[in-house]
Amino acid sequence: VSTQSTGSAELAAAVWWSTILLLKLATFGVVVGVTRNIRKVYANPEDCQLVGKNPEDAKTSDVIIERQRRAHLNDKENIIPFIGLIFVYAISGAGDACCITLVSQIFTAARVLHTIVYLNGIRQPTRAILFFVGVFCNVYLGVKVLLHLY
């Protein structure tokens, strides 16, 4: 990771891992849209009309699409706070680039595995464990910042 443009290895690590997570978020919506087209299930009447279906055929109850949407929502609820916390952590000086990278790798792996487990309906507690790994990363970052500053 080049630090020339940022002047900080910590900030560069935060930018690198945040970008990977943001790309995960950005592409997941496309996955849901593609699945809607493959399954020919549209949530809005105008989308039904666009593909020649009756507007009254709009539905939001497809099991597979709803599972994808819940996984995407869960990512939003966990990735966005992580990105904020990793930048606060990097800027505050609470840890070095190595620690930022390690926590980011753990968090990213947990989120990717969480999504795979969620989409494939793998039985609990696998999904819950992966969720709590991510929560632990967020709590760790926040507590480290607070302890560092006070």
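The model is predicted, so local features need pLDDT of at least 70 and side-chain atom pairs count only at pLDDT 80 or more, while totals for chains, interfaces and linings use all residues. Residues are numbered from 1 along each chain as its sequence is written, and side-chain values use heavy atoms, with hydrogens and water left out.

With a salt bridge taken as a side-chain nitrogen of Lys or Arg within 4 Å of a carboxyl oxygen of Asp or Glu, the count is 4. One of them pairs Asp75 with Lys24 at 2.3 Å, N to O. Asp75 sits in helix α3 (residues 63-92) and Lys24 in helix α1, so this contact ties together parts 51 residues apart in sequence; helices here are DSSP runs of H or I, at least four residues, numbered from the N terminus. Asp75 is buried at 0% relative accessibility, and Lys24 is buried too, at 13% (buried is under 20% relative accessible area, exposed over 50%, partly exposed in between, with a 1.4 Å probe and protein chains only).

Another salt bridge joins Asp62 and Arg39 at 3.0 Å, N to O. Asp62 comes from the loop between α2 (45-50) and α3, and Arg39 from helix α1, 23 residues apart. Asp62 is buried at 7%, whereas Arg39 is partly exposed at 37%.

As for the patch, Val30, Val34 and Ile38 make up a nonpolar one on the surface, with about 290 Å² of accessible area together. Patch members have over 30% relative accessible area and no salt bridge, with like charges joined within 9 Å and nonpolar side chains (Val, Leu, Ile, Met, Phe, Trp, Tyr) within 5 Å; areas are Shrake-Rupley values with a 1.4 Å probe, and for residues only the protein chains shown count as cover. Val30 belongs to helix α1 (residues 9-39) and is exposed at 54%.

Technical notes. Helices (H or I, at least four residues) and strands (E, at least two) are DSSP runs, numbered from the N terminus.
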